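Here is a friendly walk through one structure, with its helices and its core in view. Please keep the display at hand as you read.

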Amino acid sequence: MATELEELLGFLSSPSPPIKKAAVNIVRDYTGSEDGLRSLGKYINLAVPSLSRLLAEKKEVSEPAAEALVNLSQIPDLAGKMVEMGIIKIVMDILYKKDCDITHLLVMLLVNLTQLDAGIESLLQHGDEKMRGLYIMKLVRSFCASSSENKGDPFEHVASILVNISQKEAGRKLLLDPKRGLLKQIIRQFDSPSPVRKKGVSGTIRNCCFEAENQLQNLLLISEFVWPALLLPVAGNKIYSEQDTSKMPLELGSALSIEREAVTDPEIRAQVLDAIYLIVLQEAGRRAFWSVNGPRILQIGYEDEENPKVMEAYERVGSLLIQEDGTSEASTQVS
């Protein structure tokens, strides 16, 4: 005999729109509590296909269905089963259908699913040689085309998906592939007023810099975008002298010659310093850093820094530069 929950899930397939709508709202409400999630999780093999089918319907049904799936995906075991059932392909197909009006929820679902290795592999289309990377290219294009000026900025949290996938080598290699040019597009979003976008971009750059040993050349190919994204957040608040800016590329020198808004989030400042550290670990990276007057920027930025953890990150980079260049260049070091 079917349980009460099994009967409820069965109503999600009802031919009657009012019954279907009522059922999906009840299921959504179930997922709003730990007890409800635990109970519904026992029927995950029934719930996920039933809810997934509703994602392409009218908003009054698709929205609560998507909310229920987002809530379910917060539990790693349930998220893993959802990935096994092929939900990422379903989500991507619906996300790019004309007039999709649950974009934000579908993106949040992908954020949760890509916290798992299996979810990352699925989104990278790891098992499909011909299609590999297509989903990420689509998401990056949407992320860069939309803006926080649009209503709700539905693709804003793609920033978190990029951080998730760049934690894995396959994801980093995809983003750093110069033929695709994805990282170059992503970095440009660092100028966004959205804190979510800013933090996601800085976290993605940082993660990609873990490939600096093997992919430094690809990072330096887009140095005119990389260095401003990494150095401006930690350059302090002062207007730089012409003597300092004359030793920098135009994109850095111009920005530092005028008043600018400080990056107030210490996590972003720490992330970009981590990225700089990973770059200057490589000899060619150190040369590139000196060539843009990077040590001078860090010296000035360090003087304004008050956060202890960020100060430690400055000092870690500074110690590398001192070891490499000795006392002859110590006058421009972070101390």
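## About the model

This is a predicted model, in which local features need pLDDT of at least 70, side-chain atom pairs count only at pLDDT 80 or more, and totals for chains, interfaces and linings use all residues. Residues are numbered from 1 along each chain as its sequence is written, and side-chain values use heavy atoms, with hydrogens and water left out.

## Helices H10 and H11

Helices here are DSSP runs (H or I, at least four residues), numbered from the N terminus. The axes of H10 (residues 134-145) and H11 (residues 158-165) come within 10 Å, crossing at roughly 140°.

In H10, Ile136, Leu139, Val140 and Phe143 meet Val158, Ala159, Leu162 and Ile165 of H11, where contact means heavy atoms within 4.5 Å. By class, this contact has 8 nonpolar, no polar and no charged residues.

## The nonpolar core

The largest nonpolar core has 106 residues, and Leu51, Leu123 and Ile276 have the most contacts inside it. Such a core joins buried nonpolar residues (under 20% relative accessible area) through side-chain atoms within 4.5 Å. Helix H19 (residues 266-280) gives the most to this core, with 10 residues.

Among the residues that Leu123 touches are Ile136, Leu139 and Ile165.

## Helix H4 and its cover

In H4 (residues 44-53), the buried residues are Ile44, Ala47, Val48, Ser50, Leu51 and Ser52. Their cover includes H1 (4-10), H2 (17-30) and H3 (34-41).

Conventions
Axes are lines fitted to C-alpha atoms, for helices over the stretch in contact, and angles run from 0 to 180 degrees between N-to-C directions. Helices (H or I, at least four residues) and strands (E, at least two) are DSSP runs, numbered from the N terminus. Ala, Val, Leu, Ile, Met, Phe, Trp, Tyr, Cys and Pro count as nonpolar, Asp, Glu, Lys and Arg as charged, and the others, Gly among them, as polar. Buried means under 20% relative accessible area, exposed over 50%, partly exposed in between (1.4 Å probe, protein chains only). Lists of a residue's contacts leave out its neighbours within four places in sequence.
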